[in-house]
Amino acid sequence: MKQYEYMVENIQIQLRNGTNFEDIITEKLNTLGREGWELAGVNGTVYYFKREI
């Protein structure tokens, strides 16, 4: 049986002039993906991740 560990991240981004929300969140999600985390759900600014252990 597969086992998972879970992580909850409250990702709040403060935008400055010329900053694009999509670019910032994409970079953050790609970083977590390279670490093996899979996005499992989103509720507002709270992101739920899981990865197999």
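1. Let me start at the hairpin. Strands β2 and β3 make it, with two residues between them. In that turn, G44 has a positive phi of about 70 degrees. Keep in mind as you read that this is a predicted model.

2. If you want a pair to click on, take V42, whose bridge partner in β3 is Y47.

3. On to the other pairing of β3. Strand β1 (residues 4–10) is joined to β3 (residues 46–52) by seven bridges, and these two strands also run antiparallel.

4. Putting the pairings together, the three strands form an open sheet, ordered β1-β3-β2, with antiparallel pairing. That leaves β1 and β2 as the edge strands, each pairing on one side only. Ignoring direction, neighbouring strands in this sheet are turned by 20 degrees against each other on average.

5. What packs on the sheet? Helix α1, residues 21–34, does, and the strands it touches are β1 and β3. The direction of α1 makes about 25 degrees with that of β3.

6. Have a look at I13, which sits in the loop between β1 and α1. Leaving aside residues up to four places away in sequence, I13 touches F21, I24 and I25. The C-alpha atoms of I13 and I24 are 7.9 Å apart, and the two residues are eleven apart along the chain. Is I13 buried or partly exposed? Buried would need a relative accessible area under 20%; I13 has 25%, so it counts as partly exposed.

7. Now the charged pairs. Side chains of opposite charge can pair when their charged atoms come close. How many salt bridges are there? The count comes to two.

8. One of them is between R51 and E5, with the closest N and O atoms 2.7 Å apart. This pair links distant parts of the chain, since R51 is in strand β3 and E5 in strand β1, 46 residues apart. As for accessibility, R51 is partly exposed at 25%, and E5 is partly exposed too, with a relative accessible area of 31%.

9. There is also a salt bridge between the side chains of E9 and K28, at 3.9 Å from N to O. The cut-off is within 4 Å, so the 3.9 Å of this pair qualifies. What does the pair tie together? E9 lies in strand β1 and K28 in helix α1, so the parts being tied are 19 residues apart in sequence.

10. A last word on the exposure of that pair. E9 has a relative accessible area of 22%, which means partly exposed, given that buried is under 20%. K28, at 32%, is partly exposed as well.

Conventions
Residues are numbered from 1 along each chain as its sequence is written. This is a predicted model: local features need pLDDT of at least 70, side-chain atom pairs count only at pLDDT 80 or more; totals for chains, interfaces and linings use all residues. Side-chain values use heavy atoms; hydrogens and water are left out. Two strands pair if DSSP finds at least two bridges between them. Helices (H or I, at least four residues) and strands (E, at least two) are DSSP runs, numbered from the N terminus. Axes are lines fitted to C-alpha atoms, for helices over the stretch in contact, and angles run from 0 to 180 degrees between N-to-C directions. Contact means heavy atoms within 4.5 Å. Buried means under 20% relative accessible area, exposed over 50%, partly exposed in between (1.4 Å probe, protein chains only).
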